[in-house]
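I opened my notebook to look up a few things in one structure.

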Amino acid sequence: MTLTEKDKEIIQKTWALVRVDSIQAGIELFRRFFEANPDYVKVFPFDDLEDLEEILKSSSLKMHAGRVMTALSSIVDNINDPIIFQENLQKIISSHVERKIELKQFENLKMALVRLLIDKLGDDIMNDEAKEAWSKAYDIILDTYQKSKENFQSS
Ligand code: HEM
């Protein structure tokens with residue numbers, strides 16, 4: 001699975017529009033993620049916060065949303081540099097494999113991310129070509145995740 005030059009350009013241009021308000025976009029990403037997968041809240045250290053609105057306002061979620069957006073930004077920024085791209089990806093993947101985050105959970109974040117991009121940018125910008133570019137890029141993350149998980153389990 002490889003990204004074309006056009007895919008990379010689309011990903012960088014669309015991400016530039018979303019990252020302008022990075023923390024807010026991160027919170028919106030997690031809103032979609034937790035609404036579709038309420039059980040995943042338990043994976044995070046939100047202590048006794050149970051209500052989604054409370055969680056979304058908490059400093060803990062804001063900090064996490066910020067970190068996720070920064071990590072995604074550095075993956076997107078280095079999309080043309082295969083070595084740094086892989087290094088960034090591996091860092092994220094190793095820490096999540098160690099936390100025993102399932103592939104399915106990563107897959108479900110893809111849906112929330114694509115949904116966020118469509119909701120924020122609209123169907124004209126997030127047309128079929130843009131959706132396909134993001135889908136391919138995220139599938140590289142999933143593919144690398146699956147391989148790392150298999151290696152981790154067999155080591
Ligand atoms: C592309 C997808 C993702 C990115 C870029 C990402 C990024 C990050 C980053 C940068 C951190 C903090 C630094 C670290 O420990 O590595 C983190 C922590 C964490 N992530 Fe992710 N993550 C992603 C997907 C997920 C998914 C799917 C889950 C589970 C449903 C998850 C659960 C967690 C948890 C539980 C922590 C620790 C939170 C804390 O202790 O405050 N992440 N993630």
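**Before I start.** I am working with a predicted model. I keep that in mind on every page.

**Entry: α1 against α6.** I began with helix packing. Two packed helices are described by the angle between their axes and the distance between the axes. I looked up α1, residues 5–18, and α6, residues 103–125. Their angle is about 130 degrees, and their axes are 10 Å apart. That angle makes α1 oblique to α6. I also noted the hand of the crossing, which is right-handed. From α1, the contact uses Thr 14, Leu 17 and Val 18. From α6, Leu 117, Lys 120, Leu 121 and Ile 125 take part. I sorted this contact by class and wrote down five nonpolar residues, one polar and one charged.

**Entry: α4 against α5.** Next I took α4 (59–77) and α5 (82–98). Here the axes lie 8 Å apart at an angle of about 155 degrees. How does α4 run relative to α5? It is roughly antiparallel, because angles over 145 degrees count as such. The crossing of α4 and α5 is left-handed. On the α4 side I listed Ala 71, Ser 74 and Ile 75. On the α5 side I listed Phe 85, Asn 88, Leu 89 and Ile 92. Five of the contact residues are nonpolar, two are polar and none is charged.

**Entry: α2 against α4.** Then I turned to α2, residues 22–36. Its angle to α4 is about 105 degrees, with 8 Å between the axes. So α2 is roughly perpendicular to α4.

**Entry: Gln 24.** Is Gln 24 buried, exposed or partly exposed? I found 14 C-beta neighbours inside 10 Å, so Gln 24 counts as partly exposed.

**Entry: the ligand.** Which residues are closest to the ligand? I wrote down Arg 67, Val 68, Ala 71, Ser 95 and Gln 105. In total, 18 residues surround the ligand. α4, α5 and α6 each supply at least two residues of this shell. The largest share is five residues, and it comes from α4. By class, the shell has 12 nonpolar, four polar and two charged residues.

**Entry: Asn 80.** I moved to the loop between α4 and α5, where Asn 80 sits. It has 12 other C-beta atoms within 10 Å, so it is exposed.

**Entry: Lys 100.** My last stop was the loop between α5 and α6, which holds Lys 100. Most residues other than glycine have a negative phi. Lys 100 is not a glycine, yet its phi is positive, about 65 degrees. Why does Lys 100 count as exposed? I found 10 C-beta neighbours inside 10 Å, and 12 or fewer means exposed.

Technical notes
Residues numbered from 1 in each chain as written. Predicted model: local features only at pLDDT ≥ 70, side-chain atom pairs only at ≥ 80, totals over all residues. Helix = DSSP H or I, 4+ residues; strand = E, 2+ residues; numbered from the N terminus. Buried ≥ 20, exposed ≤ 12 C-beta atoms within 10 Å, placed from the backbone. Near = placed C-beta within 6 Å. Nonpolar A, V, L, I, M, F, W, Y, C, P; charged D, E, K, R; others polar. Axes fitted to C-alpha atoms, helices over the stretch in contact; angles between N-to-C directions. Parallel < 35°, antiparallel > 145°, perpendicular 65-115°, else oblique. Left-handed = near helix turned anticlockwise from the far one by under 90°. Contact = placed C-beta atoms within 7 Å.
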